[in-house]
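Open the model in your viewer and keep the sequence panel beside it. The stops below each say what to select and what is there.

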Amino acid sequence: MCDRGEPGPVWRGGRKWASVVRALAGVVLAAVAVLAAAPGTLAGDKAVLRVSFNSLPPWKVLNPDDEPAGIDVELLEMLAQRMGLTVEYVHYPFKRGLKMMESGEIDLMTSILRRPEREMYLHFIEPPYKNETCKAFYVLKGREHVISSHADLRGLRVGTILGVGYYPEFDGDPGIDRYPVASIELNIRMLLAGRIDAFISTESSGDYRIAAAGLGDKVSKVVHVYREPQNVHMALSRRSPHAARLDEFNRTMADLVAEGAVDRARERLFREGIR
C-alpha cells in the first residue's frame, strides 16, 4: 500500500530499501536501549551488581533504617569497591533469588552452598569465604531432650526454609517431616504456636535471632548440632553480564580472604552490633 501510485519498479525498490534501513535503524536503537539498561554497559558509568538479599543474621541483616547490613554485606561491599561496582540490593526469599539467578535477572547471591544442580547456572566464586556452616535445631524450652541424634528427627515436624539445603544426611532423609516456609521468623512463630516440633537453622543465625527477639526463655537449642565443615561461597549467575569477569571476582575474593576481611567484619559486628 505504501507504493500505490508510485511510478516504476525502481522507485518501489528504493522505497523498499528505505523501509529496510528504517527497520534496521529501529533494531539498532532498541539494542542500544537494552545495552543502556544493562549493568555496566555505559562507558564512564559505574557498573551495577544486582544482588538478591534475604535475611540471615548475623550474615545478612536489615539495620534500623531497613538497609542491608551484616558480615556478608560488609564483605560484598569491599569486593565491589575493589572491582569498581555499585551494589544494588533486591529483596527476595532465598528460593526466589536462586530462580532469578538461573534466569540472569539477578547477578549475585551470598551464603551459597555448592550443589551439583546449582553448577548448571551458577559460577561459585573461589575461594569460599566460610569453611563451615554448623546446623542447629531449636525447640521449645524444656524439650531439649527430644533430639539427641539425627535419628530422633524422624517423625518430628521440622521447620525449614524454602529452597535451602542443610546437610546431606538431613536433606536426603525421607523419614523427616519437613515444613518449608519463606523465613526463619515464620519457623519461630510456628514453633511457639505448636505447629512444628523443631526448626533447623544455621547455628550463628539461629542463636542471633533467638537472642535478638528476647526468646531465650521460650526457645532452646538442642545438643545435637551438625558440625561437619562445608564451604560457603558467593555465587555469580552464568547469565550475568559480569560473568566474563569471573577470574577477577576470584582474585579479589582470594585477596579479601587472605587479609582476614571476614573475621574483621564478624568481630566488628558482634562488638558493635548492627547500626
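Start by selecting β5, residues 108-113. All 6 of the 6 residues of β5 are buried, so this strand is largely enclosed by the rest of the structure. Buried means under 20% relative accessible area, exposed means over 50%, and partly exposed lies in between (1.4 Å probe, protein chains only). Strands (E, at least two residues) and helices (H or I, at least four) are DSSP runs numbered from the N terminus.

This is a predicted model, in which local features need pLDDT of at least 70, side-chain atom pairs count only at pLDDT 80 or more, and totals for chains, interfaces and linings use all residues. Residues are numbered from 1 along each chain as its sequence is written, and side-chain values use heavy atoms, with hydrogens and water left out.

L108 has L236 in β12 as its bridge partner.

Next, select L75, L76, L108, I125, M234 and F249. These touch the most other members of the largest nonpolar core, which has 31 residues. A nonpolar core is a set of buried Ala, Val, Leu, Ile, Met, Phe, Trp, Tyr and Cys residues joined through side-chain atoms within 4.5 Å. Which element gives the most to this core? It is α2, with 7 residues. Now centre on F249. Leaving aside neighbours within four places in sequence, F249 is in contact (heavy atoms within 4.5 Å) with L49, L79, M83, L85, L108, I125, L236 and H242. Another core, of 29 residues, lies apart from the largest one; L156, I184, I188 and M190 are among its members.

Move to the open sheet. Its 5 strands run in the order β9-β8-β10-β7-β11, with mixed pairing. β9 (177-181) and β11 (219-226) are at the edges with a single partner strand each, so one side of each has no neighbour in the sheet. From one strand to the next, the twist averages 35 degrees; angles run from 0 to 180 degrees between N-to-C directions, and axes are lines fitted to C-alpha atoms, for helices over the stretch in contact. β7 (residues 135-140) and β11 pair in the antiparallel sense over 5 bridges, and V219 in β11 is the bridge partner of L140.

Show the helices beside this sheet. α5 (residues 184-192) packs on it and touches β7, β8, β9, β10 and β11, with its direction at about 155 degrees to that of β10. α6 (residues 203-212) lies across β7, β10 and β11, at about 115 degrees to β10.

On a 1 Å grid over the protein atoms alone, a cavity is a set of points where a 1.4 Å probe fits but cannot get out, a pocket is an open set with protein on both sides within 12 Å along at least five of seven lines, and lining residues have an atom within 4 Å of a point. The largest pocket holds about 730 Å³ of space, where grid points are joined across faces, edges and corners and a volume is the space filled by probe spheres set on the points. Of its 42 lining residues, L56, W59, K130, T133 and T202 are the closest to its centre. Last, select V51, S52, F53, K60, D72, V73, Y89 and T110, which line the largest cavity. Its volume is about 30 Å³, and β1 gives the most to its lining, with 3 residues.

Key
Pairing = 2+ DSSP bridges.
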